[in-house]
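Please look over the sequence and the structure before reading the notes on charges, rings and backbone.

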Amino acid sequence: MKSLTKIAFVILFLMSAQAQARVISDVDIAESISISEHTLNLNGAGVRSKFFMDLYVGSLYLPQRTTNIDNILNAPIVVIRLNMTSGMITSDKMSDAINDGFDDATDGNVADIQAQIDTFMALFSDEIAEGDQFTFAATKAFGVTAYKNGQQQPTIEGELFRQALLKIWLGDKPAQKSLKKAMLGQS
C-alpha cells in the first residue's frame with residue numbers, strides 16, 4: 001500500500017509540474033512575467049510559422065486573462081513576447097514582416113505613426129539569431145518599450161502607435177490567424 005501511495009504522489013507531482021510549465025516549439029514559456037513593477041499572466045502563446053517552418057513563438061501577457069480584443073487594446077499594460085526559433089529570420093526579413101504588419105494593422109494608413117515606426121524598426125537593425133527574444137511592453141501611460149534579449153530600448157510614445165503594434169498580432173489582419181487564436185488562449 002505504501003508503494004501505491006508513493007506512485008500516486010509522484011504522478012500527482014508530475015501532473016502539477018506539467019500544468020505549471022509550458023513548452024512550445026522547444027521554448028519555455030513563463031506563466032507570468034514582471035515588467036515595470038507589474039506582474040502579468042500568460043494569456044496564451046503559439047507559433048508563427050511559414051512554409052511549414054517555425055519562425056518564432058509569440059506570447060501574450062496581461063494583468064487578467066481575456067479573449068476580448070477591445071479589453072486587451074485598452075488594458076493599462078500589455079506585453080507581447082517573441083522568441084525566435086529559426087535561424088532563417090534575418091534582420092531584413094523581420095523588418096519587412098513588421099512593416100507589413102503595421103500596414104495591415106492600420107489599413108495602409110501609417111502616415112500618422114511613420115516616425116514612431118522608423119524609430120521602432122531600429123530594434124531590428126542588428127542581425128537576429130535563433131534564441132533571440134523581443135519583448136514589447138505596451139502601456140497606455142507611456143507607450144511601447146521594447147527589449148531585445150532583456151536589454152531595454154527607448155520608449156516610443158503614442159497611443160496610435162501602441163494600438164497598431166498590438167494589432168500586428170491581435171488585429172483583424174494578424175501576422176497569422178492561428179497565432180492570434182493561440183495568444184488569445186483559444187487554441
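A salt bridge is taken here as a side-chain nitrogen of Lys or Arg within 4 Å of a carboxyl oxygen of Asp or Glu. By this rule the count comes to four salt bridges, in what is a predicted model.

**Salt bridges**

- Lysine 173 and aspartate 107 meet through their side chains in a salt bridge of 3.2 Å, N to O. Because lysine 173 lies in the loop between α5 (159–170) and α6 (177–183) while aspartate 107 lies in the loop between α3 (91–105) and α4, the pair ties together parts that are 66 residues apart in sequence.
- Of these two partners, lysine 173 is partly exposed, with a relative accessible area of 45%, whereas aspartate 107 counts as exposed at 55% relative accessibility.
- A salt bridge also joins the side chains of glutamate 159 and lysine 140, again described from N to O, at 3.2 Å. Glutamate 159 belongs to helix α5 and lysine 140 to the loop between β7 and β8 (143–148), so this pair ties together parts that are 19 residues apart in sequence.
- Glutamate 159 is partly exposed, with a relative accessible area of 31%, and lysine 140 likewise counts as partly exposed, at 38% relative accessibility.
- Arginine 162 forms a salt bridge with glutamate 159, and their closest N and O atoms are 2.8 Å apart. Both residues lie in helix α5, three residues apart, which is about one turn of the helix.
- Arginine 162 counts as buried because its relative accessibility is 0%, and buried means under 20%.
- Taken together, Lys140, Glu159 and Arg162 are linked in a network of salt bridges.

**Negative charge on the surface**

- A patch of negative charge on the surface gathers Asp92, Asp96, Asp100, Asp103, Asp104, Asp126 and Glu127.

**Aromatic rings**

- A search of the whole structure finds seven aromatic pairs.
- One aromatic cluster is formed by Phe102, Phe120, Phe124, Phe134, Phe136, Phe161 and Trp169.

**Positive phi angles**

- Aspartate 26, although it is not a glycine, has a positive phi of about 65°; it lies in the loop between β1 (22–24) and β2 (27–29) and counts as exposed at 77% relative accessibility.
- Phenylalanine 51, which is not a glycine either, has a positive phi of about 50°; it lies in the loop between β4 (38–50) and β5 (53–62) and counts as exposed at 73% relative accessibility.

Conventions. Residues are numbered from 1 along each chain as its sequence is written. This is a predicted model: local features need pLDDT of at least 70, side-chain atom pairs count only at pLDDT 80 or more; totals for chains, interfaces and linings use all residues. Side-chain values use heavy atoms; hydrogens and water are left out. Rings of Phe, Tyr and Trp (its six-membered ring) pair if their centres lie within 6.5 Å; planes under 30 degrees apart count as stacked, over 60 as edge-to-face and the rest as tilted. Patches are made of residues with over 30% relative accessible area and no salt bridge: like charges are joined within 9 Å, nonpolar side chains (Val, Leu, Ile, Met, Phe, Trp, Tyr) within 5 Å. Accessible areas come from the Shrake-Rupley method with a 1.4 Å probe; for residues, only the protein chains shown count as cover. Lys and Arg count as positive and Asp and Glu as negative; His and the chain ends are not counted. The place of a charge is taken as NZ of Lys, CZ of Arg, CG of Asp or CD of Glu. Helices (H or I, at least four residues) and strands (E, at least two) are DSSP runs, numbered from the N terminus. Buried means under 20% relative accessible area, exposed over 50%, partly exposed in between (1.4 Å probe, protein chains only).
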